[in-house]
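Hi everyone, thanks for coming. Have a look at the sequence and the structure, and then I'll walk you through a few spots in the fold.

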Amino acid sequence: MPDRPYLIADSHLDLGFSAIQVNRDLTQPAATVRVHDAEPVMRSFGSCTVTFPELRRGNVGIIFGTMMSRTDPNDRWTRTGMYCQDQCHGVGRGHLAYYQAMEREGVVRFIRNSRDLDETVAAWEDPAPDTPIGLVVAMESADPILDPSQVPEWYDLGLRIVSISHYGVSSYCHGTGTEGGLLERGKPLLDALNEAGIIIDLTHTTDRAFWEILDVYDGPVAASHHNCRALTPGQRQLTDEMIAAIVERGGVIGAAFDAWMLDPDWNREIPCWAQSTRATLETVADHIDHVCQLAGNARHAGIGTDLDGGFGQEQAPRDLNTIADLQNLVGILQRRGYDEPDVRNILSGNWVRFLKEVWG
């Protein structure tokens, strides 16, 4: 770990979900949360890895915090699957209210524009113990948006990046684990998001939906938490052609830390506490490096851990205890030949540059 920690931007953290659905006090260290978690919580969601103190320890000064809810009446695990879209709207607004409460307490500050972003980056060059963590408001599954006419309201509330599907079929698009593309309501939503200047997150799309979105949406695109299908097979990962398309559009791809997306031998049918993964932070670096090799530079790879997004430390890289350990990626990338500017770009600079380009 360097003498002075590098600034890290994490483009996908389900903090609202962790605080509200899992019922965790994220103002406490992860070790405290693990003591507080009941046994059923541990079995369902694993050992906590992300809290605000852990983010500070790891110098993770910029995060994309999600509002995450989807229509999925069969979901009996994550407690984010709802029977109808009105419920999704309520859950999404609840997650947003949590972030607003954390901003009121000075724990985070919303990043809505380039000025906010510049001020956050400057503050984290030499952060004080109480420097707020910069938060970009994101949405995983667009189901909380009741219809396209509501997009300007969400933008005014701070929303800046949206994935229109998640697992299953959303109100607008097919998602992970299904086959199909955009639904009839999908294109009007994309048009409204484009007009508002909201980024489309291509994470959790089907292959067909991925290409349909790129065909009808000419606004900014990225992939907040996605890995490479060439290294880990499966629909959940990006093909080389998809990576090239995102790079061509100027987007950034955040490397995800779920063992399911890193370890081809991970068995989702076996509880996480009954198996162990071979994946390490070196494995994460393999996916980062694959994106960089395809792009021909290090300007399109980033970090989007998804830590505590329905899984815990048991289903993360085996040499990661909490999110503070992201600083260990510095040495790994340096040993692979990445120079200091490239390492800084991968850890935060690429997301910062991308957001500034989008926000003009």
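One term before we start: when I say contact, I mean heavy atoms within 4.5 Å. Now the ground rules. This is a predicted model, where local features need pLDDT of at least 70 and side-chain atom pairs count only at pLDDT 80 or more, while totals for chains, interfaces and linings use all residues. Residues are numbered from 1 along each chain as its sequence is written, and side-chain values use heavy atoms, leaving out hydrogens and water.

Let's begin with Glu54, which sits in helix H4. Helices here are DSSP runs of H or I with at least four residues, strands are runs of E with at least two, and both are numbered from the N terminus. Is Glu54 buried or exposed? With a relative accessible area of 5%, Glu54 is buried. For the cut-offs, buried is under 20% relative accessible area, exposed is over 50%, and partly exposed is in between, using a 1.4 Å probe and protein chains only. Setting aside neighbours within four places in sequence, Glu54 is in contact with Pro29, Ala30, Thr49, Thr322, Ile323 and Ala324.

The C-alpha atoms of Thr51 and Pro29 are separated by 6.2 Å, although the two are 22 residues apart along the chain. Thr51 counts as buried because its relative accessibility is 1%.

Now for the nonpolar core, meaning a set of buried Ala, Val, Leu, Ile, Met, Phe, Trp, Tyr and Cys residues joined through side-chain atoms within 4.5 Å. The largest one has 102 residues, and Phe52, Ile145 and Ile164 touch the most other members. Which helix gives the most to this core? That is H13 (residues 340-359), with 8 residues. Apart from this core lies another, of 6 residues, including Trp260 and Trp266.

H13 also has a helix partner. Helix H6 (residues 114-123) packs against H13 at an angle of about 155°, with the axes 9 Å apart. The axes are lines fitted to C-alpha atoms, for helices over the stretch in contact, and angles run from 0 to 180 degrees between N-to-C directions. So H6 is roughly antiparallel to H13; the classes are under 35 degrees for roughly parallel, over 145 for roughly antiparallel, 65 to 115 for roughly perpendicular, and oblique for the rest. Where they meet, the H6 residues are Ser114, Leu117, Asp118 and Val121, and the H13 residues are Val352, Leu355, Lys356 and Trp359.

Next, helix H9 (residues 207-216). Its buried residues include Ala209, Phe210, Ile213 and Leu214. They share one side of H9, because they cover an arc of only 135° around the axis, taken from the directions from the helix axis to the C-beta atoms. On the other side of H9, Arg208 and Asp215 are exposed. Among the elements covering the buried residues are helix H8 (186-196) and helix H10 (240-248). H9 and H10 pack at about 20°, with their axes 12 Å apart, so H9 is roughly parallel to H10.

Finally, a backbone detail. Ser141 has a positive phi of about 85° although it is not a glycine, and Asp308 has one of about 65°, again without being a glycine. Ser141 is buried at 0% relative accessible area, and Asp308 is buried at 3%. Ser141 is also among the contacts of Ile164, which takes us back to the largest core.
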